[in-house]
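Hi there,

Here is the structure I promised to pass on. Have a look at it first, and then read on for what turned up.

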Amino acid sequence: MSGKYLGPADRQVIAQEWAAYSSVAAIADKVGVAKKTIYEELRRGQDGKLDHNQRPAYDPELAQRRFQENLRRRGKLRVAAGQ
């Protein structure tokens, strides 16, 4: 993985591995991130449905869309008056 954030290609790998019933640790090793990152990403991509393994389904397009929305919502830091 290059850069600071997961990209669409990384999210596709997560989706494929999650659908193949891989563990979070195995997915984290494959993508090159911490397990916590994978858990957060799986939560970001949940749509409320279960997959064929009866685990929460992961949608990489939904995760990417939510990521982009969160980036836009951040905005710029404001400096308090008088500083």
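Asp47 lies in strand 1 and, at 37% relative accessibility, counts as partly exposed. For the cut-offs, buried is under 20% relative accessible area, exposed is over 50% and partly exposed is in between, with a 1.4 Å probe and protein chains only. The C-alpha atoms of Asp47 and Ala63 are 9.3 Å apart, with the two residues 16 apart along the chain.

Before the rest, a word on the source. This is a predicted model, in which local features need pLDDT of at least 70 and side-chain atom pairs count only at pLDDT 80 or more, while totals for chains, interfaces and linings use all residues. Residues are numbered from 1 along each chain as its sequence is written, and side-chain values use heavy atoms, with hydrogens and water left out.

The overall layout

The chain has 4 helices and 2 strands, in the order α-α-α-β-β-α along the sequence. Helices (H or I, at least four residues) and strands (E, at least two) are DSSP runs, numbered from the N terminus. Of the 83 residues in the chain, 33% are buried. Among contacts between residues at least 6 apart in sequence, 45% join residues at least 24 apart.

Helix 1

Helix 1 covers residues 8-19, and its 12 residues reach 16 Å from the first C-alpha to the last, close to the 16 Å expected at 1.5 Å a residue; the expected span is 1.5 Å times one less than the number of residues. Its buried residues are Asp10, Arg11, Ile14, Ala15, Glu17 and Trp18. These pack against helix 2 (24-31), helix 3 (35-44), strand 2 (56-58) and helix 4 (60-74).

Helix 3

In helix 3, Ile38, Glu41 and Leu42 are buried. Seen down the helix axis they fall within an arc of 100°, so they line one face of helix 3; the arc is that of the directions from the helix axis to the C-beta atoms. The face turned away from this buried side carries the exposed residues Lys36, Tyr39 and Arg43. The partners of the buried residues of helix 3 are helix 1, helix 2, strand 1 (46-50), strand 2 and helix 4.

Where the two helices meet

The axes of helix 1 and helix 3 come within 11 Å and cross at roughly 85°. Axes here are lines fitted to C-alpha atoms, for helices over the stretch in contact, and angles run from 0 to 180 degrees between N-to-C directions. The two helices are therefore roughly perpendicular to each other, a term that covers 65 to 115 degrees. Arg11, Ile14 and Trp18 of helix 1 make the contact with Ile38, Glu41, Leu42 and Arg44 of helix 3.

Two loop residues to look at

Tyr21 has a positive phi of about 65° although it is not a glycine. Tyr21 is in the loop between helix 1 and helix 2 and is exposed, with a relative accessible area of 52%. Gln54 also has a positive phi of about 65° and is not a glycine. Gln54 lies in the loop between strand 1 and strand 2, and is exposed with a relative accessible area of 57%.

Best wishes

How values were computed. Contact means heavy atoms within 4.5 Å. Angles under 35 degrees count as roughly parallel, over 145 as roughly antiparallel, 65 to 115 as roughly perpendicular and the rest as oblique.
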